[in-house]
Amino acid sequence: MKKHLVNAVYGVLDYGSYPFGMLLVAPIVLHKLGAAEYGVWMISTAVVSAGGIIASGFCDANIQRVAILRGIGATDSMVNSVRSMLGINLVLGIALAIASWIAAPYAARHITVASFTPVRECLICLRIASLLILVRAIESVSVSTQRAFEQYRDAVQVSVAVRLLTLAAAALLVQSGHSVISILTGTAAFLISGTYLQFRQLWRLLGRPSLLPAFHSGETRSLLRFGIFAWVQALGGIIFGQLDRLLLGVYLGAVALAPYALCIQFAQPIFGLTASGLHFLFPYISGRAATVSREELKRTVLKAFACNLLLVSGSAAMLLSFGPRLIRIWAGVRVAQSAAAILPPIVIGSALMGLGVTGIYAMQALSLFRMAACISLGGRAVMLVVMIYLLRHMGIEGLAIARVGYGAIALLVYLPLGYQLGIVRKKTVGASSLATACELHEGPRL
């Protein structure tokens with residue numbers, strides 16, 4: 001139990017360190033560089049973040065695969081899986097880095113068209129960001145493997161140190177009169193150093209084997225078979241995660257976007273902190289799914305859901321109680337008045353999404369990546385249509401209400417999970433045990 005609590009605390013720390021650090025550093029950088037160069041910094045950071053997520057989308061499959069192999073003691077296969085994952089991420093990282101590098105001149109011209117920032121400076125920043133996508137893709141292999149070992153502390157300590165040092169360096173550099181190029185150069189130096197430290201820890205954890213990238217046929221097929229659905233789900237999350245704000249900006253303009261975006265920013269940690277804090281469930285269940293009974297897995301999932309419910313309900317209650325006051329302090333009376341009507345449904349929507357965290361992790365741990373991806377992407381596609389309809393007929397309030405519907409759809413993962421665990425009785429002819437059910441749905445298990 002103590003180990004799970006430690007992993008949960010480090011998961012939350014991993015999620016919260018960068019936003020907290022940015023909260024302290026952003027005003028300094030904005031004041032010294034001005035809005036235009038600050039915007040270039042934010043765009044470059046967004047390129048690294050989004051590109052890194054896409055390039056490392058297969059790493060959930062790596063966590064699940066390594067956790068299973070670790071559970072049955074297949075050390076050689078575990079190393080082959082890690083090397084295969086590194087090969088996959090290198091291919092994805094290089095492809096995305098090249099695409100970003102080629103697109104950088106076009107993007108730089110459009111980003112600087114209404115500002116005094118030189119095009120060349122913006123271009124250099126975007127190209128540094130494109131190279132850092134590859135570094136992130138490589139780093140994620142080590143981080144995901146350490147999580148598969150349920151070793152969160154060492155990986156998070158390095159990640160948090162890199163983030164905080166990067167932000168501290170940014171503040172010091174702008175105080176010394178340096179530009180945003182210097183900030184991104186410093187970011188690259190810290191990120192490369194952090195990646196080296198992550199792999200050093202991984203090398204020791206695996207018993208000092210060769211970690212050169214390779215494509216071992218069996219492990220590569222296994223990672224691609226399950227990982228493609230996790231990758232599509234990650235890609236869909238990036239795309240659909242921004243569409244509501246784009247729709248609102250197109251229909252009602254940038255002024256209406258401010259209170260809505262602020263409410264999203266305040267409500268997002270309900271899901272983010274819950275997902276980070278409970279992430280240890282994914283490798284924990286993955287490593288035991290093949291060796292324990294269905295009843296024991298059922299008890300584990302129910303206990304996890306109870307914790308999930310407690311975290312989400314507590315966070316949502318606090319935000320509903322103090323959110324309006326925080327928004328008033330943060331953005332002023334006018335924005336707070338506009339946000340008052342839309343904050344409750346946005347908070348409820350985020351809370352419902354947060355309640356689906358246990359279900360998603362359990363589904364993926366049981367090799368049900370495909371079904372989890374179909375529910376997530378299908379729900380988002382349906383809610384996109386609903387969002388457009390409600391936005392046209394109810395305005396910003398309709399968009400906020402649509403988020404409640406999307407959160408409710410996220411809970412559908414518990415239906416197939418309930419069938420697999422025997423919580424929900426399945427009347428149709430099917431598997432008589434969890435192992436048989438998973439084998440029929442996704443292929444044989446170890």
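1. The C-alpha centres of domain 1 and domain 2 lie 24 Å apart. The assignment sets domain 1 at 1–215 and domain 2 at 225–424; these bounds come from an automatic or database domain assignment. In the contact, domain 1 supplies 24 residues and domain 2 supplies 28 residues. Contact here means heavy atoms within 4.5 Å.

2. This is a predicted model, in which local features need pLDDT of at least 70 and side-chain atom pairs pLDDT 80 or more, while totals for chains, interfaces and linings use all residues. Residues are numbered from 1 along each chain as its sequence is written, and side-chain values use heavy atoms, with hydrogens and water left out.

3. About 2,300 Å² is buried between domain 1 and domain 2, and carbon and sulfur atoms give 72% of that area. Buried area is the accessible area (1.4 Å probe) that two parts lose on being put together, summed over both. On the domain 1 side, Tyr15, Ile54 and Gln64 lose the most area to domain 2. Together they make up 25% of what that side buries.

4. Between the domains the count is 1 salt bridge (a side-chain nitrogen of Lys or Arg within 4 Å of a carboxyl oxygen of Asp or Glu). Arg288 and Glu150 form a salt bridge through their side chains, at 3.1 Å, N to O.

5. Ile94, Ile98, Trp101, Ile102 and Leu131 make a nonpolar surface patch of about 490 Å². Such patches join nonpolar side chains (Val, Leu, Ile, Met, Phe, Trp, Tyr) within 5 Å, from residues with over 30% relative accessible area and no salt bridge. Areas come from the Shrake-Rupley method with a 1.4 Å probe.

6. Helix α4 (residues 75–111) gives the most to this patch, 4 residues. Helices are DSSP runs (H or I, at least four residues), numbered from the N terminus. Ile98 sits in helix α4. Ile98 counts as partly exposed because its relative accessibility is 48%, between buried (under 20%) and exposed (over 50%).

Notes: Patches are made of residues with over 30% relative accessible area and no salt bridge: like charges are joined within 9 Å, nonpolar side chains (Val, Leu, Ile, Met, Phe, Trp, Tyr) within 5 Å. Helices (H or I, at least four residues) and strands (E, at least two) are DSSP runs, numbered from the N terminus. Buried means under 20% relative accessible area, exposed over 50%, partly exposed in between (1.4 Å probe, protein chains only).
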